[in-house]
2 protein chains.
Amino acid sequence: MMATAEIFRALGDPIRLEMVQRLTKGGRCTITVLSEGLGVSRQGARKHLQVLADASLIALRPQGRDVLVSLDPEALLQARRFIAELERRWDARLEALKRLVEE
Amino acid sequence: MMATAEIFRALGDPIRLEMVQRLTKGGRCTITVLSEGLGVSRQGARKHLQVLADASLIALRPQGRDVLVSLDPEALLQARRFIAELERRWDARLEALKRLVEE
DNA sequence: TCAAAATGCAACTAGGAGGTTGCACATGAA
DNA sequence: TTCATGTGCAACCTCCTAGTTGCATTTTGA
């Protein structure tokens with residue numbers, strides 16, 4: 001799948017969105033901590049984390065008994081840029097239409 | 001589902017992403033035109049359009065025999081703002097960490 | 001008027017997503 | 001050592017998604 005679509009897809013779930021939000025607030029933490037209070041089992045949460053990792057939104061780094069989860073802001077940046085580019089093209093189109101009408 | 005997650009989810013598919021891109025380039029057009037060259041049937045494409053419409057990314061406006069598809073940039077704006085806010089919080093966290101180290 | 005075009009609706013299918021549970025395994029702490 | 005903790009792996013289930021096809025309906029244009 002197109003990399004950008006995969007990023008959006010990964011963000012397109014309330015649980016995963018919550019996980020990303022927690023990471024922007026609290027920085028890195030373990031899988032277990034990040035999985036608490038989401039309404040799903042640890043294994044369920046783990047699958048969501050894998051989706052985020054596959055989309056490069058997070059990094060999973062084993063450290064001893066734990067696995068540290070950390071945000072990778074690069075994917076967020078890519079998503080934001082993509083949307084900004086869409087908006088830019090849309091605005092340009094509207095401008096062109098406006099000029100056409102005024103002539 | 002959280003509205004923002006629904007927007008991301010709608011964008012999280014290569015076909016739907018392509019549709020949105022076409023709309024930012026070409027402005028409004030009919031369902032049939034927008035469904036061409038995507039590798040799926042018209043009905044398949046129609047379902048994708050419904051997903052985009054449910055997320056308020058596009059508007060479907062019947063006009064005579066046709067249905068005009070038009071982009072709703074408000075949902076794009078919402079998505080972009082959401083990501084920007086995540087980035088802002090992430091940066092703030094890094095800054096706080098940095099200050100902590102320097103003290 | 002009549003045919004073609006654009007669309008809607010419904011039924012059906014295959015596959016993947018999201019969820020669970022159970023168990024094994026490595027690691028850290030008492 | 002011993003036991004609790006944090007993870008991983010695998011099997012399984014259910015439901016939604018993405019896709020199809022067939023047919024009916026409305027509108028346009030010749």
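1. Sheet of chain A. In this predicted model, three strands of chain A form an open sheet in the order S1-S3-S2, with antiparallel pairing. Strand S1 (29–30) and strand S2 (58–63) of chain A are the edge strands, and each pairs on one side only. In general, strands of a sheet pair through backbone hydrogen bonds.

2. Pairing of S1(A) with S3(A). S1(A) and strand S3 (residues 66–71) of chain A are joined by two bridges in the antiparallel sense. Cys29(A) faces Val69(A) of S3(A) across the pair.

3. Helix over the sheet. Helix H2 (residues 14–26) of chain A lies across S1, S2 and S3 of chain A. H2(A) runs at about 85° to S3(A).

4. Helix H4 of chain B. The 13 residues of H4 (residues 42–54) of chain B should span 18 Å at 1.5 Å a residue, and the end C-alpha atoms are 18 Å apart, which agrees. Ser56(B) follows H4(B) and has a positive phi, near 65°.

5. Buried side of H4(B). Which residues of H4(B) are buried? They are Ala45(B), His48(B), Leu49(B) and Leu52(B). These residues cover an arc of only 100° around the axis, so they sit on the same side of H4(B). An α-helix has 3.6 residues a turn, so residues three or four places apart point the same way. The buried residues of H4(B) pack against helices H1 (3–11), H2 (14–26) and H3 (31–35), and against strands S2 (58–63) and S3 (66–71), of chain B.

Definitions and conventions:
Residues are numbered from 1 along each chain as its sequence is written. Chains are lettered from A and ligands numbered from 1 in the order in which they are written. This is a predicted model: local features need pLDDT of at least 70, side-chain atom pairs count only at pLDDT 80 or more; totals for chains, interfaces and linings use all residues. Side-chain values use heavy atoms; hydrogens and water are left out. Helices (H or I, at least four residues) and strands (E, at least two) are DSSP runs, numbered from the N terminus. The expected span of a helix is 1.5 Å times one less than its number of residues. Buried means under 20% relative accessible area, exposed over 50%, partly exposed in between (1.4 Å probe, protein chains only). The arc is that of the directions from the helix axis to the C-beta atoms. Contact means heavy atoms within 4.5 Å. Two strands pair if DSSP finds at least two bridges between them. Axes are lines fitted to C-alpha atoms, for helices over the stretch in contact, and angles run from 0 to 180 degrees between N-to-C directions.
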